[in-house]
Amino acid sequence: MKILMVFDFDHTVVDANSDTWVVRCLPDKTLPGSVENSYRKGYWTEYMGRVLNYIGEQKVSTDRVRSVMETIPFTAGMTELLTFIAENKSAIDCIVISDSNTLFIEWILHAAGLQAAVDKVFTNPAKLNELGHIEVQCYHSHDCDRCPVNLCKKKVLELYLYEQSDAGVEYEQIFYAGDGGNDLCPTSCLRGRDVVMPRKGYTLEKLLAKLEGQEGNFPLRAKNIAWSSGADILRELKASMQS
């Protein structure tokens, strides 16, 4: 039986937010107030649609956007971790569940030569429209009141596990590495032998700390091991493979 490695992307695989990094492709590297102040809580993807539309209206080429996205830094130790996963595909499946978009993640992984590590990316679909501007859509709709309207990571993970099981693939252990508030929901479908790995000092670690010792309606069975660099995750992954 294989191990499943699940990653968030922004502030986990890469050490920045890819959605805010893209603003660097603008000549003055800033958004006008009319765009920047248009965000409504829970509707980030719609906001990003306005950001990308503005970038297109400024006649910034897709090649320019891509070259800027390719400069985003990876979190320490992540390239080594993903390289290890790519070299051990017979033992490890790897997916990304992210609130970024398909183009950004594809460009960033491809530029680093790391796309072979990742079997599947679940994120908001992006494409070029007839004007050559990037358009982004919500990944799905759902009825989870804990998550932003465009993406419930628990629903995505549960469906992936169900489809894999249907195809005869069961996982000995699941590792989930993330940093943000929207990474809490999927941890509730992890089992006792699985591992949730929150990034030290980030929101997910704080939310998990609040849950510990609480009797509530949020079931957390997985082992909780915080990480600072990809090396910490790699160490746990290797230990699991050797046990």
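This is a predicted model: local features need pLDDT of at least 70, side-chain atom pairs count only at pLDDT 80 or more; totals for chains, interfaces and linings use all residues.
Let's start with helix 7, which runs over residues 153-166 and has 14 residues. From its first C-alpha to its last, helix 7 reaches 20 Å, close to the 20 Å expected at 1.5 Å a residue.

Which residues of helix 7 are buried? They are K153, V156, L157, Y160 and Q164.

What covers the buried residues of helix 7? The cover includes the elements in this table.

| Element | Residues |
|---|---|
| Strand 1 | residues 2-7 |
| Strand 2 | residues 92-101 |
| Strand 6 | residues 171-178 |
| Helix 8 | residues 184-187 |

Strand 3 is also part of that cover, and its residues are 120-124. After helix 7 comes G168, with a positive phi near 90°.

Strand 3 also leads us to A116, which lies in the loop between helix 6 (102-111) and strand 3. Is A116 buried or exposed? A116 counts as exposed because its relative accessibility is 55%, and the cut-off for exposed is over 50%. Leaving out residues up to four places away in sequence, A116 touches A86 and K89. As for L82, its C-alpha is 8.7 Å from that of A116, with the two residues 34 apart along the chain.

Notes:
Residues are numbered from 1 along each chain as its sequence is written. Side-chain values use heavy atoms; hydrogens and water are left out. Helices (H or I, at least four residues) and strands (E, at least two) are DSSP runs, numbered from the N terminus. Buried means under 20% relative accessible area, exposed over 50%, partly exposed in between (1.4 Å probe, protein chains only). Contact means heavy atoms within 4.5 Å. The expected span of a helix is 1.5 Å times one less than its number of residues.
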